[in-house]
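Here is a short briefing on a predicted model.

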Amino acid sequence: MNELLLGLADDELVIGWRDSEWTGIAPMLEEDVAFSSIAQNEIGHARAVYELLAEDADALAFDRPLDAYRCAPLVELRLLDWAHAIARRWLYEVADEIRIAALMEDDDARVAGLAAKINREEAYHRMHAEMWRERLADTPQFRAAVEDLWPYAAGMLPAKQREALAARAHRSLPSDKLLLGKERGGHTEQLAELWDEMTMVRHSAPAGAQW
Amino acid sequence: MSVVWEVFRQDRKGQPFEHAGSIVAPDADFAEAWAREQYGRRGESVALWLVPREQIHTVGDWADEFDLKYRRVDGYSIKARLKEARERAAARAG
């Protein structure tokens, strides 16, 4: 199994799930629609990547034990305020752009093709995230949120891509001590609760729920 | 300061833009991002026009003090005349 692609798919699934927690309670109606739509897109990307990796995307997405997930701690966090939700969205998109750009150069044409397809949709996500960053950049809440989440964002990418991320986010790389527990490979405690919720239907109807 | 943007959408190329609804947004970037999601994410539009409501010049009052019916289409009873014309044509085709 391609660990890099599995990490991408798990990230997209989990951030899609987390961001959809804002459906119905985002600060404005218009943003509620936009944020939910973006969350849905991310889950769509996850599905496309799972389908590349396995016959049965649902089985891959939901039937693994918790420790087999490859998502980064950044996407697992349950964030309860808007500044943090937007800070994560923005940091995630900046990091994701670097990862997707690398995958677009992949030797496997199917991987490169899918990455390019995902990238075309992510362009709007980046536009959305960037416009929010510009608007909130000077607020203490947003600055504090970026400060909190920055080590997690760095931990989302392999070490060789972190310099590029730091340059784009105009920040310096976090120390090893700050990165502790925030890098891909480890998981936060918050993932377990999310996973229970995420797999609830699957576990109650192992043969597959019909909608 | 947020303003109301009126959103017009076009179904297909060449079709007229029709009013779809409105968006409250602080600037053109937000208006665009939100309008894309609200009026385009299902592939229902090929293009959108976003217009700040205050930029719209509205005309809504009409003076018609002398009942100039002949200017209006409803001044003529097309229906009755159409019926007559059809009957004439039918008689001629006999």
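Helix α5 (residues 82-103) of chain A packs against helix α6 (residues 109-136) of chain A at about 150°, and their axes lie 8 Å apart. Axes are lines fitted to C-alpha atoms, for helices over the stretch in contact, and angles run from 0 to 180 degrees between N-to-C directions. The angle makes α5(A) roughly antiparallel to α6(A) (over 145 degrees; under 35 is roughly parallel, 65 to 115 roughly perpendicular and the rest oblique). Helices (H or I, at least four residues) and strands (E, at least two) are DSSP runs, numbered from the N terminus.

This is a predicted model: local features need pLDDT of at least 70, side-chain atom pairs count only at pLDDT 80 or more, and totals for chains, interfaces and linings use all residues. Residues are numbered from 1 along each chain as its sequence is written, while chains are lettered from A and ligands numbered from 1 in the order in which they are written.

**The helix pair in chain A**
- Residues of α5(A) that meet α6(A) include Ile86(A), Trp90(A) and Glu97(A). On the α6(A) side they include Ile118(A), His125(A) and Trp132(A). Contact requires C-beta atoms, placed from the backbone, within 7 Å.
- By class, this contact of α5(A) with α6(A) has 12 nonpolar, 2 polar and 7 charged residues. Ala, Val, Leu, Ile, Met, Phe, Trp, Tyr, Cys and Pro count as nonpolar, Asp, Glu, Lys and Arg as charged, and the others, Gly among them, as polar.

**The sheet in chain B**
- Chain B has 2 helices and 3 strands, in the sequence pattern β-β-α-β-α.
- Its 3 strands form an open antiparallel sheet in the order β2-β1-β3. Pairing needs at least two DSSP bridges between two strands.
- β2 (18-25) and β3 (47-52) of chain B are edge strands with a single partner each, so one side of each lacks a neighbour in the sheet.
- The twist averages 30° from one strand to the next.
- β1 (residues 3-10) of chain B pairs with β2(B) over 7 bridges. Glu6(B) has Ser22(B) as its bridge partner in β2(B).
- Helix α1 (residues 28-40) of chain B lies across β1, β2 and β3 of chain B, at about 135° to β2(B).

**Where the chains touch**
- 11 residues of chain B are in contact with 9 residues of chain A.
- On the chain B side, β2 and α1 of chain B are the elements giving two or more residues. The largest share, 7 residues, comes from α1(B).
- By class, that side of chain B has 6 nonpolar, 1 polar and 4 charged residues.

Methods:
Contact = placed C-beta atoms within 7 Å.
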